Amino acid sequence: MKAVSFYQSAFSSYLQEEIKVQEPKNLYEPISYILNIGGKRLRPVMVLMAAEVFGTSHKKALDAALAIEVFHNFSLMHDDIMDAAPIRRGKESVHEKWNINTAILSGDAMLINAYQLFENYQGATFRELATLFTKTAIKVCEGQQYDVDFETIEKVSLEEYIKMIRCKTAVLVGAALEMGAIIAGAQEDAKKIIYDYGVNLGIAFQLQDDYLDAFGDPESFGKQVGGDIIENKKTFLYLKAIEKSSAQEAAQLEHLYTITPADATEKIETVKSIFESSGAATLAKAEIERYTAKAFEVLKQLEIEENKKEMLLQFGNSLMTRTV
């Protein structure tokens with residue numbers, strides 16, 4: 001197995017070859033922009049790694065990896081519109097740099113382009129990839145709708161929240177790994193194991209993202225710190241803080257999640273203070289570790305060489321110790 005940096009480099013080179021600005025520029029420039037303003041490239045790297053884990057060259061998986069990255073960025077482009085998010089990866093979000101209509105249309109083109117990329121695979125492989133992608137894409141949309149609904153629903157359970165992030169984030173991580181396995185012609189049980197590993201890792205990844213949204217370094221995080229608080233998103237931190245706080249603090253937190261002040265600085269700091277004093281911040285870290293451990297337990301079932309398994313373990317650990 002090669003280092004993660006190798007797969008990142010191979011994918012970045014392929015992206016540069018394939019993603020070109022063409023006419024009409026106002027359609028394609030935003031696509032090139034969002035795909036080139038950074039990002040961890042985690043999902044495409046997973047596609048490439050999984051292909052080689054099961055004995056096939058990463059080169060055969062490049063189109064599927066690009067499809068996953070294009071789709072992921074399409075979802076971010078539209079999420080930023082829905083959240084009125086001004087920043088993406090430390091840069092202006094597409095709807096801020098251009099306008100909302102452009103961001104909607106360029107996002108639509110990205111979704112179509114993602115499907116087109118699977119056409120580079122033949123026969124049964126194409127059908128299996130397209131079926132998995134379709135199932136995954138609709139789950140991501142369901143997850144986004146749950147996320148939007150939760151902003152106005154008074155009571156959200158922890159189980160409902162985990163279901164939301166499973167749909168919105170984790171299934172795409174699982175699908176990325178399974179796509180690599182499909183391209184390599186892996187056995188059915190191996191595909192399921194690598195998918196389940198990815199889903200558990202994806203839940204841990206999103207919980208980590210939620211934690212960093214509140215407590216991350218603004219310089220390295222690449223998004224507006226406190227964005228979830230501004231948007232009154234009922235994350236794990238919020239739900240646990242409500243559960244563990246005193247009645248007075250819980251009532252204060254619930255009130256803060258009904259207001260949208262012009263300057264949210266004080267609101268963000270007060271909410272973060274309650275997250276810490278209630279123990280929610282510590283519990284969030286423990287939940288991240290729990291889902292990471294679940295992912296690693298699933299991975300033990302995979303019958304592959306130990307060096308390949310170790311690389312997947314190291315990759316998972318690196319996601320959970322990130323600051324971006």
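This is a predicted model: local features need pLDDT of at least 70, side-chain atom pairs count only at pLDDT 80 or more; totals for chains, interfaces and linings use all residues.
Residues 24 or more positions apart make up 74% of the contacts in this chain that have a separation of 6 or more.

**The chain as a whole**

Counting its secondary structure gives 16 helices and two strands. The radius of gyration is 20 Å, close to the 20 Å that the globule rule gives for 324 residues, so the chain is as compact as a globular protein of that length. Along its principal axes, the C-alpha trace spans about 60 × 50 × 30 Å.

How much of the chain counts as buried? Of the 324 residues, 55% do. The accessible surface comes to about 14600 Å², and carbon and sulfur atoms own 51% of that area. As for charge, there are 35 positive and 47 negative side chains, with the centres of the two sets 4 Å apart.

**Inside the core**

The largest nonpolar core holds 106 residues, and Phe54, Tyr197 and Phe275 have the most contacts inside it.

Leaving out residues up to four places away in sequence, Phe54 touches Ala181, Ala184, Ala186, Ala190, Ile194, Leu302 and Ile304.

**Two residues to look up**

| Residue | Helix | Relative accessibility |
|---|---|---|
| Ala280 | H15 (residues 280–299) | 0% |
| Ser32 | H2 (residues 25–35) | 15% |

Why does Ala280 count as buried? Buried means under 20% relative accessible area, and Ala280 counts as buried because its relative accessibility is 0%. Its contacts beyond four places in sequence are Phe236, Leu237, Lys240, Ala241 and Phe275. With Ala241, Ala280 forms a pair 39 residues apart along the chain, yet their C-alpha atoms are separated by 5.1 Å.

Ser32 sits in helix H2. At 15% relative accessibility, Ser32 counts as buried too. Setting aside neighbours within four places in sequence, Ser32 is in contact with Ile19 and Val21.

Terms used
Residues are numbered from 1 along each chain as its sequence is written. Side-chain values use heavy atoms; hydrogens and water are left out. A nonpolar core is a set of buried Ala, Val, Leu, Ile, Met, Phe, Trp, Tyr and Cys residues joined through side-chain atoms within 4.5 Å. Buried means under 20% relative accessible area, exposed over 50%, partly exposed in between (1.4 Å probe, protein chains only). Contact means heavy atoms within 4.5 Å. Helices (H or I, at least four residues) and strands (E, at least two) are DSSP runs, numbered from the N terminus. The radius of gyration is taken over C-alpha atoms; the globule rule is 2.2 Å times the number of residues to the power 0.38. Accessible areas come from the Shrake-Rupley method with a 1.4 Å probe; for residues, only the protein chains shown count as cover. Lys and Arg count as positive and Asp and Glu as negative; His and the chain ends are not counted. The place of a charge is taken as NZ of Lys, CZ of Arg, CG of Asp or CD of Glu.
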